[in-house]
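Please have the sequence and the structure open as you read.

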Amino acid sequence: MSFPRVVLRAGRSCSAMPARAFSVKSVVRNAAEPTYKAPALGVNRTFDEALKVIAEDKAKRLADIKNMEATLAQLVKAAPSAAKETEIATLKEKIFKQEAYAEINDPEIQWQFKNNKNVDMSKAVFRFMKGKQFKRETLPVIQQRTTQMFVTPDLLPSFTPAVNVQLDFGTGSTPEGTKIVDGYFETGSYLLPGKTIVEPKVNVTSFHPEQRYYTVALVDPDMPDVENETYKQQLHWLIANVPLSATQTELSKENADVVLSYLAPHPPKGTKYHRYTLVLAEQSNGGQDKIQMDASAISRETTLRDLCSHFKLEVKGLTFFRQIWDKDVSRIYKEVLQQDEPVYGNQPEVDELLDETGQKKKKFIHM
């Protein structure tokens with residue numbers, strides 16, 4: 001067995017070889033968050049001219065916004081009329097779009113949005129861009145899943161979601177291979193029952209700058225109704241008067257009214273997959289009114305349609321996940337629900353050729 005020869009040339013001892021120095025500062029600098037660096041002016045004439053055009057367009061739009069805001073102020077002071085509210089809403093929408101268009105071509109704004117850095121949702125331009133992204137990328141998936149898996153019309157009539165609702169049960173809640181987008185599972189994914197025992201964090205991306213009140217409900221439309229040989233709904237969570245806006249995205253129970261506490265999902269043995277659906281419904285008067293929900297008058301079997309009808313709720317968004325029975329469900333029944341676990345199944349088929357003892361009936365009998 002031979003070994004490679006190691007030759008140290010004269011004047012090249014190990015101690016004399018240059019050492020690569022690493023400092024804490026260099027590591028921190030390399031790991032620093034990327035920041036926008038504006039291209040130098042005077043290098044690309046076309047780029048320089050483009051910046052001038054963008055600046056001129058922005059100045060024009062800002063001037064238009066001032067004029068529209070003055071008109072809006074006069075309209076607000078005008079006498080009430082049937083058309084007034086519509087005119088105000090239309091003018092506010094025009095102002096919003098002008099504010100967005102005034103900045104949307106700014107290279108720094110485009111860089112921030114693309115890299116998701118310093119995206120300030122209090123700015124019209126970012127609300128506009130996020131809204132477009134939601135309609136282009138997320139909304140089609142939600143609509144496809146809710147239709148494909150019959151969340152609509154089984155649970156509620158068909159509608160177009162206007163906000164993006166996401167749930168976070170923590171790491172390990174999804175089986176291996178589940179598609180994760182921006183840290184959240186995709187609508188309609190399977191989750192593990194043992195990982196959804198504790199209530200999730202709820203994140204809502206809305207596009208309105210003002211605060212509005214919502215009601216949040218987690219519903220299972222797939223619980224067996226043995227007496228009626230059909231399915232019934234079960235409310236797993238109900239929270240009213242949840243304040244949300246474009247900049248206020250997290251559900252906080254401290255600022256809302258918990259009507260029904262969180263009940264861990266528990267798909268019974270012998271049933272098919274359950275569609276646990278979290279619905280976000282805007283409260284009356286465009287979300288400006290608080291509501292009073294009497295917990296004593298609402299049960300776990302109160303339907304979502306009844307809630308929306310009675311309290312004048314308008315569903316604005318949803319997400320759902322699916323679950324099937326596994327051994328953790330038995331543990332949930334025993335330790336969390338503290339009740340006997342039901343087991344469901346199809347009725348046994350009756351063989352007309354067998355008698356009550358299970359023996360084959362005789363072909364002929366004495367009359």
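Lys312 comes directly after helix H8 and has a positive phi, near 55°. Helices here (H or I, at least four residues) and strands (E, at least two) are DSSP runs, numbered from the N terminus. This is a predicted model, in which local features need pLDDT of at least 70 and side-chain atom pairs count only at pLDDT 80 or more, while totals for chains, interfaces and linings use all residues. Residues are numbered from 1 along each chain as its sequence is written, and side-chain values use heavy atoms, with hydrogens and water left out.

H8 spans residues 304–311, and its buried residues are Leu304, Leu307, Cys308 and Phe311. These four lie on the same side of H8, because they cover an arc of only 95° around the axis; the arc is that of the directions from the helix axis to the C-beta atoms. An α-helix has 3.6 residues a turn, so residues three or four places apart point the same way. Ser309 and His310 are exposed on the other side of H8. Buried means under 20% relative accessible area, exposed over 50%, and partly exposed in between (1.4 Å probe, protein chains only).

The search of the whole structure finds 1 cavity of 30 Å³ or more, and the largest cavity has a volume of about 40 Å³. On a 1 Å grid over the protein atoms alone, a cavity is a set of points where a 1.4 Å probe fits but cannot get out, and a pocket is an open set with protein on both sides within 12 Å along at least five of seven lines; lining residues have an atom within 4 Å of a point. Grid points are joined across faces, edges and corners, and a volume is the space filled by probe spheres set on the points.

The cavity lining consists of Thr215, Ala217, Leu238, Val279, Ala281, Leu304, Leu307, Cys308 and Leu313. E5, E8 and H8 each supply at least two of the lining residues, with the largest share, 3 residues, coming from H8.

**The two largest pockets**

Glu93, Phe96, Phe207, His208 and Arg212 lie nearest the centre of the largest pocket, which has 31 lining residues. H2 (45–77), H3 (84–103), H5 (124–148) and E5 (212–225) each give at least two residues to this lining, and H3 provides the largest share, 10 residues.

The second largest pocket has a volume of about 830 Å³. Its lining has 28 residues, and Lys130, Thr138, Asn164, Gln166 and Asp182 are the closest to its centre. H5 gives the most to this lining, with 7 residues. E1 (164–168) and E4 (201–205) are among the elements that give two or more. E1 and E4 pair in the antiparallel sense over 5 bridges, pairing being at least two DSSP bridges between two strands. Leu167 stands opposite Val202 in E4, and 4 of the 5 residues of E1 are buried.

**The linings by class**

Ala, Val, Leu, Ile, Met, Phe, Trp, Tyr, Cys and Pro count as nonpolar, Asp, Glu, Lys and Arg as charged, and the others, Gly among them, as polar.

| Space | Lining by class |
|---|---|
| Largest pocket | 15 nonpolar, 3 polar, 13 charged residues |
| Second largest pocket | 13 nonpolar, 10 polar, 5 charged residues |
| Largest cavity | 8 nonpolar, 1 polar, no charged residues |
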